[in-house]
Amino acid sequence: MTGVVGALWMRGSISSGIYERSTIEALTEAVGRGARGELILRPAPELERLRREIQGFWFIVRDSQGREVTEGQAPAELTPLMKGLDTVESAVLRGNRGDDAPSLAIVQWIDTAAGRVQMLTGGQGRLLLHQVVAAFLPMLYLTLLIIGLMTVATFLVTPFVVQRALAGLGRVADEAKRIDITRSGTRLPAVGVPVEIVPLVNAVNGALARLDRGYEGHKRFLADAAHELRTPIAILTTRISALQPGPEKIRLLEDMTRLTVLTGQLLDLQRLDREQASFAPVDLVALAERSVLDLAPLAFTAGYEMSFEAETGEIRVDGDETALDRALMNLIQNAIDHGGRRGTIAVRVAKAGWIEVCDDGDGIPPDQREQIFEPFHRLRQGGRGAGLGLDLVRRIMGLHGGRVEVVAGSSAGACIRLIFPRQRSS
């Protein structure tokens, strides 16, 4: 509101609280035509107010045909100018005291209900609130229009600008989702990201590089340790085998077998991390039968019976025979360690493409059937093994596009199944 008043003041429409166009606006509302086409003035409150407030109130309203309606006495200074004012579209006439003097008269052609007419009047009316509002509304509409256009532009343009600016950040997030301990050398891209984010990306890449170096050193240590352990384990096994038969010899042989299996698991983990599997046709029946024959003596010594069943004489899959042999051996060794030293360890091969190993032990609680495949997880505290065998089995089956899961067996014991992807018929 203050801005509107200030604008009118700067424009000269307001001077000392006087609004020069007061009479013009009042006449515009009041002027009309009579029955014979003459100009008339209809009753108007604003016009009445000006008559009361302005001493010597006067005006002349005339049309292009010379018809007019007047009131009061125009200043004598205007008499010489009246004929020349016909061609004047709009003017403010002042006295000889300069631009700061009150206006002598205002002349303006204006469209009214009576048509286009020329008005001459003095500019002495007081500024009223509704006049300020009327002057303010066009500026308000213009301001609202500008705000509306800016709002629309903001909603339309801002997402596009932000999306372009953050497109590189999206690629960084996608790459970050693929960071895994098994994928060394992963780095976040620094190209195309906002410059404010580049230091953070570089810091994360530096941390990833340090983690890679530490993990590689850890893996090298485990591989070297496993290799170094093989020789003393073989020597101990030979010496224990030379002992006199008895329960102590059996327990020592079982302990050495677990050490041998653990060493093999560590080496297998390194092999899976460092090498691509060598796939070739593998006969699951022959593989399972060979594993049973290799571990049967250990199972018999531990107090188990062993059984082997195959639904057909040959079931072929594509796979790495060394890795699959290790996976099945781990399952059988797991059954020997946790089967309770009683009952039968059964190995079955089905035409559907799976091998399962079942025992008659205490079984696996339902809430533990997923956790047992996590590395270093042991079902019972103080149990045998390091918790690597089933994790290794899971990784080997994942390498072959298959899976390992706990299934319901014929007894209450544990039953773990290796499930291979269906082979396309040739």
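Helix H7 crosses helix H8 in a right-handed way. Keep in mind that this is a predicted model. H7 covers residues 284–301 and H8 covers residues 321–338; the two pack at an angle of about 35°, and their axes are 10 Å apart.

Who touches whom? On the H7 side, the residues that meet H8 include Leu287, Val292, Leu295 and Leu298, along with Arg290 and Asp294. On the H8 side, Leu324, Leu328, Met329, Ile332 and Ile336 are among the residues in the contact, and so are Glu321 and Asp325. Sorted by class, the contact of H7 with H8 has 11 nonpolar, two polar and four charged residues.

Now for the cysteines. The model has one disulfide, and it joins cysteine 358 to cysteine 415, with 2.0 Å from S to S. Cysteine 358 sits in strand S15 and cysteine 415 in strand S17, so the bond ties together parts that lie 57 residues apart in sequence. Are these two cysteines buried or exposed? Both count as buried, because the cut-off is under 20% relative accessible area, and here are their values:

| Cysteine | Relative accessible area |
|---|---|
| Cysteine 358 | 7% |
| Cysteine 415 | 1% |

Zooming out, the protein has nine helices and 17 strands. Of its 426 residues, 38% count as buried. The protein exposes about 24,800 Å², and carbon and sulfur atoms supply 57% of that area.

Notes
Residues numbered from 1 in each chain as written. Predicted model: local features only at pLDDT ≥ 70, side-chain atom pairs only at ≥ 80, totals over all residues. Heavy atoms only, no water. Axes fitted to C-alpha atoms, helices over the stretch in contact; angles between N-to-C directions. Helix = DSSP H or I, 4+ residues; strand = E, 2+ residues; numbered from the N terminus. Left-handed = near helix turned anticlockwise from the far one by under 90°. Contact = heavy atoms within 4.5 Å. Nonpolar A, V, L, I, M, F, W, Y, C, P; charged D, E, K, R; others polar. Buried < 20%, exposed > 50% of the residue type's maximum accessible area, 1.4 Å probe, protein only. Areas by Shrake-Rupley, 256 points an atom, 1.4 Å probe, with all protein chains shown as cover. Disulfide = S-S within 2.5 Å.
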